[in-house]
Amino acid sequence: MKRFEGGQKNPEIAAALRISVRSVERWRRAWRELGETGVLSKGSPGRARLSEAQMARLARELERGPLAHGWADQRWTLARIKSLIGRLFHVSYTVEGTWRLLKRHGWSWQQPARRAIERDDAAVEVWKKETWPRARGPRRSAVPGSSSWTRLGNR
């Protein structure tokens with residue numbers, strides 16, 4: 001403001017503050033129209049936050065389960081919760097931001113305490129011993145070689 005009142009030109013102010021001339025023009029316009037309050041900082045935009053009422057609604061919606069919201073199974077993932085928050089409150093979070101939001105409100109990740117009833121441990125063992133080695137393929141022989149891609153043996 002002192003620079004504006006002192007009659008300094010926009011390019012001089014921009015150079016002194018190491019900012020763009022366009023920013024100084026915006027500030028000068030706001031100063032002319034609104035005075036000192038026009039150029040005061042409005043603070044960091046920060047991240048969008050949900051109110052306590054919105055968090056309570058989110059908790060209720062999460063308790064209803066993913067099936068109630070159109071997903072095919074009963075697993076809540078961060079991506080699904082992020083999507084739900086966007087649909088319900090028109091607020092956009094990143095997946096990491098969703099995790100931080102939930103953690104800040106006392107939520108934690110969970111794993112099932114027991115295995116699925118349908119699981120057949122004998123079939124899993126057979127698969128690990130017979131199918132997986134075939135799918136993985138044979139190991140390379142332990143012979144010295146070259147790291148050059150131009151040699152025929154390395155293609």
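Contact here means heavy atoms within 4.5 Å. The views below come from a predicted model.

**View 1. Helix 6, residues 78–89.** This helix has 12 residues. At 1.5 Å a residue, they should span 16 Å. Which residues of helix 6 are buried? They are Arg80, Ile81, Leu84, Ile85, Leu88 and Phe89. Seen down the axis of helix 6, these buried residues fall within an arc of 140 degrees, so they line one face of the helix. Their cover includes helix 5 (52–64) and helix 7 (95–104).

**View 2. The largest nonpolar core, with 13 residues.** Leu50, Leu58, Ile85, Phe89, Val91, Tyr93 and Leu101 touch the most other members. Helix 5, helix 6 and helix 7 are the elements that give two or more residues to this core. Helix 6 gives the most, with five residues. Two residues named here, Ile85 and Phe89, are also among the buried residues of helix 6.

**View 3. Helix 2 packed on helix 3.** Helix 2 covers residues 10–17, and helix 3 covers residues 21–34. The two pack at an angle of about 115 degrees. Their axes are 8 Å apart. Helix 2 passes helix 3 in a right-handed crossing. On the helix 2 side, the meeting residues are Asn10, Pro11, Ile13, Ala14 and Leu17. On the helix 3 side, they are Val21, Val24, Glu25, Trp27 and Arg28.

**View 4. Arg18, a loop residue with a positive phi.** Most residues other than glycine have a negative phi. Arg18 is not a glycine, yet its phi is positive, near 55 degrees. Arg18 sits in the loop between helix 2 and helix 3. Is Arg18 buried or exposed? Its relative accessibility is 77%, so Arg18 counts as exposed.

**View 5. His90, the residue that follows helix 6.** His90 lies in the loop between helix 6 and helix 7. Its phi is positive, about 55 degrees, although His90 is not a glycine. At 71% relative accessibility, His90 counts as exposed.

Technical notes. Residues numbered from 1 in each chain as written. Predicted model: local features only at pLDDT ≥ 70, side-chain atom pairs only at ≥ 80, totals over all residues. Heavy atoms only, no water. Helix = DSSP H or I, 4+ residues; strand = E, 2+ residues; numbered from the N terminus. Expected span 1.5 Å × (residues − 1). Buried < 20%, exposed > 50% of the residue type's maximum accessible area, 1.4 Å probe, protein only. Arc of directions from axis to C-beta. Core = buried A, V, L, I, M, F, W, Y, C linked by side-chain atoms within 4.5 Å. Axes fitted to C-alpha atoms, helices over the stretch in contact; angles between N-to-C directions. Left-handed = near helix turned anticlockwise from the far one by under 90°.
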